[in-house]
Amino acid sequence: MEYTTDVLVIGGGGAACRAALAAADAGARVLLASKRPPAKAGATSYPVAEMAGYNAGDPAVCGDVEKHYSDILEAGQGMADPQLAAILAARAPQTIRRLEAWGVPFEKEDDGYYVFKSCFSNSPRTHVIRGHGEPIIRAMMRQIALRSQITILDDAVILGLLQNGDGCCGAWGYRTDGTRLTICAGAVVLATGGGSQIFEKNLNPADVTGDGYRMAFEAGAELVNMEFMQIGIGFSHPVTNIFNGYIWEGKPILRNACGQEFLPAALPEGITGAEVMHEHRRHFPFSTSDNAKYLEIAIQREISEGRGTKNGGVLVDLRHMEDAWVAALPDDCGIHHMWPIARQHMLEKGADLLKSPVEICCFAHAVNGGVRIDQNAGSTVPGLYAAGETAGGPHGADRLGGNMMVTCQVFGEIAGCSAAQYAMRRRSAAKTAEKQDPGQELLHKSLDTAACLDRLHACTQRYLLVNRTQAGLQTVLQTVRDLERELAGAPDTDAIHLENAALQSELFTAKVMAFAALQRKESRGSHHRADWPQKDEKQGTPLVIDRHTKLE
């Protein structure tokens, strides 16, 4: 089955939908290719939180937009691209007006928006959307339905990019029924999300397997900041949900499977558990930048050393956090407003936090790096663009809370517009691809893919999350090499095994992340080297990887 279009958008989440809309509004014919229907694809609408944070300064407040920009750079610790950060901060406010015009409801208080000071921010600017990002996706799907020039393939597994002498000119893959796909396009936007599925515990849907990183790398694009990703504590049993930072202000009690309160013994002399939790109220994700780091380090150690529960977590007791008790707490983190919402959300999912302890653990969340883009969302390959979690540069060592949702809107729009302009300038150019089907033979290999993924996930969960070391990272790389050999050496069949594509992408993503983490011999933001626990200012530039890099 062959298609021809001006712009091919690969993905189905917030960035992909926004890119498709922008390309269509710029006059291009658009094909949106996604593994799942867009309303069910990608991390934007994945139900792991009671709300979505959405970061944007207020242009009516003098200096507020500029403070957003400076907070991005401060959190990025030298790893965020200043030009991309400036674009993001400047264009964020107008995206709120557009989303509201499309019907997205933002939380209100008194006569204006409810905003709070979210992760790593120095001033309150994080807006709230109840229901995580689902309202954003619903609104964009309504807009897509109004544009006849957008075609959706919602069962397309895109496996590789097509190229000619001018650059990227389409992609190939299969529909889930095994039908071969070839899509010729004037330009391609990669918006396949991140790669957190490489971890046993993650807060992403099953379709987010690092495909965009692998395809872009194979096409010759650069990757940047792949050692940095958001790791966060989440509820893990009986339900899965983000454990937002403001909850730590309630000073929950942590116990391992033996019933022991393990945090005090894990802290350096002179630091108390209350102080660490108070510090963690400022941000959900793990960061080596403050003493809040000892929470994730301690939790991960308990589990890795065999003192976790049978479900792979530790116990958290929140039963003391009744309304009156929470209302008496000082509030500079949003706990008064957000805790009732969180508690009700968890109750609706089946967990009464005031009745019994529940389990938590460390989860992989969002990758801060990705395909290196410029101010037009273009990669280093002509005709290839990237947005959302697939793209690298707008974020750094740490990322502001609420900045990923807005990044999807800002750079999704930029990617769509840029791709449309590029494609329409070349409508008459030849689209013949010179390079097709790299890795096609791996699809015919027969092996226990699920077992291979289990081995990979167990390894990365232990050695690539918190407490990274040289020996552990080398273990990850060796595990990847072993699994790559098993895949390559598996028996050939006539059938197509699409599950092998996910294995291939996850192996690549694990390899490139472990390689980048091995090179950065320091701890900076979300990257924690237990054997190099301090920041080294001499390592203050981003690590860029391309296909000439020897990933060993």
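**Figure 1. Overall dimensions of the predicted model.** The radius of gyration is taken here over C-alpha atoms, and the globule rule is 2.2 Å times the number of residues to the power 0.38. For 552 residues, that rule puts a compact globule near 24 Å; the chain has 23 Å, so the two agree. Along the principal axes, the C-alpha atoms fill a box of roughly 65 × 55 × 45 Å. The fold contains 14 helices and 21 strands.

**Figure 2. Burial and contacts in the chain.** Of the 552 residues, 61% count as buried. Contacts between residues at least 6 apart in sequence were considered; 75% of these join residues at least 24 apart.

**Figure 3. Surface and charge.** The chain exposes about 19900 Å². Carbon and sulfur atoms supply 49% of that area. The chain carries 54 positive and 65 negative charges. Their mean positions lie 2 Å apart.

**Figure 4. An open sheet of three strands.** The strand order is E3-E7-E6, and the pairing is antiparallel. E3 spans residues 51–55 and E6 spans residues 115–116. Both stand at the edges. Each has a single partner strand, so one side of each is left without a neighbour in the sheet.

**Figure 5. Close-up of strand E7, residues 126–130.** In the sheet order, E7 sits between E3 and E6. Four of its five residues are buried, so E7 is largely enclosed by the rest of the structure. Buried here means under 20% relative accessible area.

**Figure 6. Close-up of the E3–E7 pairing.** E3 and E7 run antiparallel. Five bridges join them. Ala52 stands opposite Ile129 of E7. E3 is an edge strand, with a single partner strand.

**Figure 7. Close-up of the E6–E7 pairing.** E6 and E7 also pair in the antiparallel sense, here over two bridges. Val115 stands opposite His127 of E7. E6, residues 115–116, is the edge strand in this view.

Technical notes:
Residues numbered from 1 in each chain as written. Predicted model: local features only at pLDDT ≥ 70, side-chain atom pairs only at ≥ 80, totals over all residues. Heavy atoms only, no water. Buried < 20%, exposed > 50% of the residue type's maximum accessible area, 1.4 Å probe, protein only. Contact = heavy atoms within 4.5 Å. Areas by Shrake-Rupley, 256 points an atom, 1.4 Å probe, with all protein chains shown as cover. Lys, Arg positive; Asp, Glu negative; His and termini not counted. Charge placed at Lys NZ, Arg CZ, Asp CG, Glu CD. Pairing = 2+ DSSP bridges.
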